[in-house]
Each structure stands twice: as C-alpha cells, then as structure tokens.
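Dear colleague,

Please find below the structure that I am handing over to you. My notes on it follow directly after.

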Amino acid sequence: MQNTSPRPRIGIMMDWQAEGSFSPRPHYAIRESYFHAVWAMGGLPIGLPLLEAAQSELLATVQGIVVPGGDYPSPSRWYGDGHGIPDEHPRTVLNEALIRDLLARNMPFLGICAGMQELVAATGGLLHWRVAESVPNPAPHRSIAPTETAHSVAITPGTLLHRLVGQTEIAVNSHHNEGVKTLGESVQVAATAPDGLIEAVEVAGHPFALGVQWHPEFLLTEADRSLFDGLITAARGYAPPV
C-alpha cells in the first residue's frame, strides 16, 4: 500500500566554497544526487545554508538531516599530528556545532563521507590525514569512479547499520583521502574495510546518528537505499524535545 502521509522534510546541509566554477565569489554548492536520493526514498529534500545565527530556526523546519560529502581544507586539530590548516573553513566550524546540536535534539541524521568525518571530529575523534600513507595495504578508498562499487565493508552485528541493511557484508563505492583514526567515547564502529579502516560509525543511545564513509546517495545498491529509507522512517517519527 502506498504511503500517503506527508513526506518528512530532510534538510541537506550545503557545502561552502570561497570561489569555483559557479562563481568567483563565496557561494553554496551541493551535488543534486543528495536531493534525488532523499526524494526517491520518500523524503522532501530542503537545502540548508551554513548560517550560524539561523541554525535553530532552520532545524525547526525539518525532521532529519543529511550532512553531505565535500572537498575542503580541514583544520589541524582534526588530525593531532601537525597536518591540516591552522585556521578554520566555515563548513568545519558550523557543521561540528550543528552535529552536537543534532545529538542534543535526538534529531535523525546521516553523515556521508566528509559528513561522517565531521561527526567523528564533533564527538572527540581524530582522523588520518591520508589513508594511503597511514594504513598498510590500503583498499581502493580513492576510487576514480564513485558511481561503481570499489570494495566491501564488514558490518558490525547488532548495530543500527546492521539492522538497516540486514547483512554483515556489503559492497560500497569509495572516494576519500582522509579516514578515521580514533573515536570519541560515545561513538562505536559500525563497519570496517578489508584493510581495517573504519567505514561507518554510529552514536550510542541516539535513535539515528549514523555516519558512512562511502556515498550512498548514488543509490547503487539496496543497502544504500536502506540507509535513506531508514533515515526517512526515523524522520517520520521524530518529535522535537519540549
């Protein structure tokens, strides 16, 4: 039977660029695949700007959040080994604060690639600067074809991710340089790559706080579809704290 209830509103955080092919001036940007994935799986996608002063009002308009991937300079505090830039990119500052706010609100959210890394940073973890230089015999994490699967991941039994996909191993695409080095106390491993690199994390005690290192927004597999379906299902049941 077709679901006739209103589509839950899923906020998609925009990326920020100082300049680029769209404009030589600062602008927001995001790939359309995130919007298509949310819509295809039953949500209403809404792009949200990185406006700190408006964050509380913006979050009041949605029932779930996607923190997307991106390619931007990361702060040195994310690595703890001297890598990264000394100052801050607007996205890193605002999204870390956003994620902590989402955790406090118990709002469902899905962090994708860089969004997962921001989740790790926001909860006290650290990242590898370059996986290819940090992990012995690394899997093909920087695949040049994100629209194709690149390697498998082993899913931790009993996790939210395991409940969503119903499998202990799935094939994923991959397009990233950085990776997870350590996790904060509240975060647990949900999946690992064949080389041992953490590929998915989730926050203990939260109804839906999931980060994946791959790009499920391309909806390449049924597992990818299950992630967005799970997010939208959780968003349907979301009630803001009083």
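Does Trp129 count as buried, partly exposed or exposed, and at what relative accessibility? Trp129 counts as partly exposed, at 23% relative accessibility; buried means under 20% relative accessible area, exposed means over 50%, and partly exposed lies in between, with a 1.4 Å probe and protein chains only.

Before going further, please note that this is a predicted model, in which local features need pLDDT of at least 70 and side-chain atom pairs count only at pLDDT 80 or more, while totals for chains, interfaces and linings use all residues. Residues are numbered from 1 along each chain as its sequence is written, and side-chain values use heavy atoms, with hydrogens and water left out.

Aromatic rings

The structure holds two aromatic pairs. Rings of Phe, Tyr and Trp (for Trp, the six-membered ring) pair if their centres lie within 6.5 Å; planes under 30 degrees apart count as stacked, over 60 as edge-to-face and the rest as tilted. Tyr72 and Trp78 form an edge-to-face pair, 6.4 Å centre to centre with 80° between the planes. Both partners are buried: Tyr72 has a relative accessible area of 10%, and Trp78 one of 1%.

Why is the pair of Tyr79 and Trp129 edge-to-face? The planes of the two rings stand at 85°, with the centres 5.1 Å apart, so the pair falls in that class. This pair links distant parts of the chain, 50 residues apart: Tyr79 is in the loop between strand 5 (64-67) and helix 3 (90-105), and Trp129 is in the loop between strand 7 (126-128) and helix 5 (131-134). Helices (H or I, at least four residues) and strands (E, at least two) are DSSP runs, numbered from the N terminus. Tyr79 is buried, with a relative accessible area of 0%.

Trp129 also has a charge over its ring: the charged end of Arg130 sits 4.3 Å from the ring centre. Likewise, the charged end of Arg7 sits over the ring of Trp39, 3.5 Å from its centre. The criterion is that NZ of Lys or CZ of Arg is within 6 Å of the ring centre and within 35 degrees of the ring normal.

Nine strands form an open sheet in the order 4-1-5-6-13-12-11-8-9, with mixed pairing; two strands pair if DSSP finds at least two bridges between them. Strand 4 (44-48) and strand 9 stand at the edges, each with a single partner strand, so one side of each is left without a neighbour in the sheet.

Strand 9 (residues 169-172) has a covered face, Ile170 and Val172, and an uncovered one, Glu169 and Ala171.

Why is helix 4 described as largely enclosed by the rest of the structure? Nine of its nine residues are buried, so helix 4 is largely enclosed. Among them are Met116, Leu119 and Val120. Just after helix 4, Gly124 takes a positive phi of about 95°.

Glu96 lies in helix 3 and counts as buried, at 3% relative accessibility. The side chains of Glu96 and Trp78 are joined by a polar contact of 3.0 Å. A polar contact is a pair of N or O atoms within 3.5 Å; within protein, one must be able to donate a hydrogen and the other to accept it, and residues adjacent in sequence count only if both atoms are side-chain atoms. Leaving aside its neighbours within four places in sequence, Glu96 is in contact (heavy atoms within 4.5 Å) with residues including Arg77, Trp78 and Glu118.

His176

His176 is found in the loop between strand 9 and strand 10 and is buried, with a relative accessible area of 3%. The side chain of His176 reaches the backbone oxygen of Glu178 at 2.6 Å. Beyond its neighbours within four places in sequence, the contacts of His176 include Cys113, Gln117 and His141.

Yours sincerely,
A colleague
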